[in-house]
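Trainee: Could you walk me through a structure and show me how to read it?

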Amino acid sequence: MAHSKKDTSSASDSEPSDIEKMKNRLLKKREAREVDKYFRALVKLEGSDLHMKVGNPPIIRVNGSLKPMNRGPIDAEEMVNLLFPMMNDRSRRIFDEEGGCDFAYIVDVDGVDWRFRVNMLQQLGRIGLVARRVNNFIPNFEGLFLPPAMETLCHFDQGMVLLAGVTGSGKSTTIASMLNYINRIYSKHILTLEDPIEFVFTEEKCLINQREVGMDVVDFGIGMKHAVREDPDIILVGELRDEETFMTAIHAAETGHLVFGTIHASSSSTTIGRILDLFPEEMHGAIRSAIAFNMKAVVAQKLLPSIQEGVGRVPTCEIMTFNPTVRKLILEGKDEKLPDAIRIGAEEGMQDFTMSLQQLVDDKLIDRPTAFQVAPNKDALKMALKGINVSQPGIL
């Protein structure tokens, strides 16, 4: 991590120094455990996720498909012996209290440390695990096959940019790529508050501090309270999952910071309703106003299997930037007209899923059956692939 604490301990101190504590922590992370062999297999098979459930062999997801490993089912006793040693005291306490916990896990694979985002869970009274492999490097926009318009979203001085999508849609990777783009071209202070940290950045032009909830700061609320006193230009707040998280994030955007975050929503336009669902109805007017005047863009993303050799999956993206038309519709509560505003805003860099799918098919990155399977409007996609653009009526 980019930040460090000043070491004020002397040789005579009985307490270990901050550097020694860090070394001990890293060594502890690298202790070989029996479960590590399944994580190594996940890396070598280039899978994205590892599933471990009592009564089944370990299962990995490769290019979107689940495939069992070549071994027998894991029984309940073996699962406990495999998974419990992965948890530290904090994770074990959360697991016991809540029936599940999230944490980062590091495994050495052929001399390289690989990071995994782990969710430990309990189902039918038995422990299980789902782990997501995090790439060791942060791909650029071209490497992720993101549309060129994504670059423009990295040049704002303040406001909020949200990545929307379901779990496993690549939101975290896209945001990491955006922050790394900023890291390469600007001299700014990037502060991340994550639970857990996924991508570890290498500083280029930016100063980067990454704080992990539970390890570097006790909770998200205190982390955000600290953040406004730590002179950040850009803040990554991770997932906007509740009222407190959104309010602290939007307040940071209001006070001159550029804030990145993720949210579970299926499209750019439905993201507005998803945010409003976090609040009581009497607050919706004020929240609409905060969104309209502080949000800069919402990008919704889905991952699709690619037909191009050497490419696993590619994102289809819907991009909604907050021009005067979009702001007006949100303030007036006319969310149902936002899809039309996105189509009309194509010249400003906006695009809907139909436009994105058409481009992916034209670029021979996905096949037509895949495009039609996920298309929100199959008739519109059929016409777009024939080169027919349907004109939209006025929406004001």
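Mentor: Let's start with strand pairing: two strands pair if DSSP finds at least two bridges between them. Here β8 and strand β9 (residues 207–212) run parallel, joined over six bridges. Strands (E, at least two residues) and helices (H or I, at least four) are DSSP runs numbered from the N terminus. Bear in mind that this is a predicted model, where local features need pLDDT of at least 70, side-chain atom pairs count only at pLDDT 80 or more, and totals for chains, interfaces and linings use all residues. Residues are numbered from 1 along each chain as its sequence is written, and side-chain values use heavy atoms, leaving out hydrogens and water.

Trainee: Which strand does β8 pair with over three bridges?

Mentor: That is strand β10 (residues 234–239), also in the parallel sense. Follow I190: its bridge partner in β9 is I208, and in β10 the partner is I234.

Trainee: Is β8 buried or exposed?

Mentor: Buried means under 20% relative accessible area, exposed over 50%, and partly exposed in between, with a 1.4 Å probe and protein chains only. Six of the six residues of β8 (residues 189–194) are buried, so the strand is largely enclosed by the rest of the structure. One side has H189, L191 and L193, the other I190, T192 and E194, and all are buried.

Trainee: How many of the 396 residues count as buried, as a percentage?

Mentor: For the protein, 47%.

Trainee: And how many helices and strands are there?

Mentor: The protein has 16 helices and 13 strands.
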